[in-house]
Amino acid sequence: MTDDATPIDLEKIVSLCKRRGFIFQSSEVYGGLSSTYDYGPLGVELKRNVKDAWWRKFVWGRDDMVGLDSAIIMHPDVWRASGHLDSFTDPLVDCRDCRKRWREDQLDEPRCPDCGGLLTDSRNFNLMFRTYMGPVEEEASTVYLRPETAQGIFVNFNNVLNTTRRKLPFGVAQIGKAFRNEITTGNFIFRTREFEIMEIEYFVKPGDDDECHRVWVEECLDWYRELGISPERLRVRAHEGSELAHYSKATHDIEYRFPWGWGEIQGIANRTDYDLSAHGSASGESLSWFDDDAGQRVVPFVVEPSAGVDRALMTFLVDAYAEEEAPTTSGRTERRVLLRLHPSLAPVKVAVLPLSRNQRLEPLARSVFESVRRSSGRNGVVQYDSAQSIGRRYRRQDEIGTPICVTVDFDSLDDNAVTIRERDSMAQTRVAIDALPGELAGRLAG
Ligand SMILES: [Zn+2]
């Protein structure tokens, strides 16, 4: 098991991701595009499971939440009113010698860290990606790729309120792509320019916002803990005044201890009534709620838990990664790599493995596979694998985090039973084929 004394090497995760088909460098055949990644056959399942787990807890699991899926490209006035056109910037300096760009706030001295050259004066660099809508490339047709999904929720506040007849407090959840033209990227999928976020805008009465903010920090921490993240590698850090975004009254980050140190995986911000007020006055349409009890209209305050899908996925991978000595069938030991992923996140739920490629086993193994796929397939992928030795197939499934292997052997032909092997303990249990669906359902519920 990997403990805190021996932090794992990020390169091991990157290599496993590529080798097993979780994550590939984007546009690899053309040499790759910097800090851009594609999710492979296993990665797309893991990513989908992360988003589903989040949606299940925060939307389906509550009666005060609804979902939304707004457009990536929005009216440019949205970004003018939200403050992003003016304030969503990093201070940028260029090296006069090697032309390299740096974030001024990340430099220790006024010289280029690479070549020691003199730097230009700093200027504000807007992090929003800009493009043109329609056939004419001119200022009037400039649009932006959203840097967050939140604004799509704010400008739909009245639409959601009118169609769902909600009362405060209630929240709107959204999962989707966002884009930030970061000057510095890195640490694999931790900081990329195109990423996916899971955001909630939770609307409360002014005055209830501080308590609501506190509760949401706990709710969000619970999500990571419930999905198996080591509690000792999680911490909450409050932003200093100088770190706060232009809209925020208070922000708490949930951080995880990655191989390179603590990194933010989620922010919970108190955005006050900043956004609804700004869009209300800029659009001329009041974004507010009528409080029947108090007999007056209020502009709600907003608490925003915002998490990166890619960062969450990376956190689950890093936290699940383990190496240990395991016994082989021949009585020796060998090093095995495994992902101790929570069953609800594992990309492959069950692997059905005939003990060997012997033709007598094939029909029964196939029929067990079909039956498992019918019963467990709605939870995720069920795989059939008969290539190579049984030991190597177990290792392969361990390495991709498959919680359960079902092995069909020669005894199965007589006793109509199979062996269930559990990933983490490697414990093996004999189970009647008839009882398999119920047994698997219980174990996969995690
Ligand atoms: Zn330089």
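Student: How many residues of domain 1 are in contact with domain 2?

Tutor: The size of an interface is often given as the accessible area lost when the parts come together. Here we count residues instead. In this predicted model, six residues of domain 1 are in contact with five residues of domain 2.

Student: Which elements give two or more residues to the side of domain 1 that touches domain 2?

Tutor: Helix 1 (10-20) and helix 2 (41-60) do. Of the elements on that side, helix 2 gives the most, with four residues.

Student: What classes of residue are found on the side of domain 1 that touches domain 2?

Tutor: Three are nonpolar, two are charged and one is polar.

Student: What does the C-alpha trace of the whole protein span?

Tutor: About 75 × 65 × 50 Å along its principal axes. The protein contains 23 strands and 13 helices.

Student: How much of the protein is buried?

Tutor: A residue is called buried if 20 or more other C-beta atoms lie within 10 Å of its own. By that cut-off, 33% of the 446 residues are buried.

Student: And what share of contacts joins residues at least 24 apart?

Tutor: Counting contacts between residues at least 6 apart in sequence, 63% join residues at least 24 apart.

How values were computed
Residues are numbered from 1 along each chain as its sequence is written. This is a predicted model: local features need pLDDT of at least 70, side-chain atom pairs count only at pLDDT 80 or more; totals for chains, interfaces and linings use all residues. Two residues are in contact if their C-beta atoms, placed from the backbone, lie within 7 Å. Ala, Val, Leu, Ile, Met, Phe, Trp, Tyr, Cys and Pro count as nonpolar, Asp, Glu, Lys and Arg as charged, and the others, Gly among them, as polar. A residue is buried if 20 or more other C-beta atoms lie within 10 Å of its own, exposed if 12 or fewer, and partly exposed in between; C-beta atoms are placed from the backbone.
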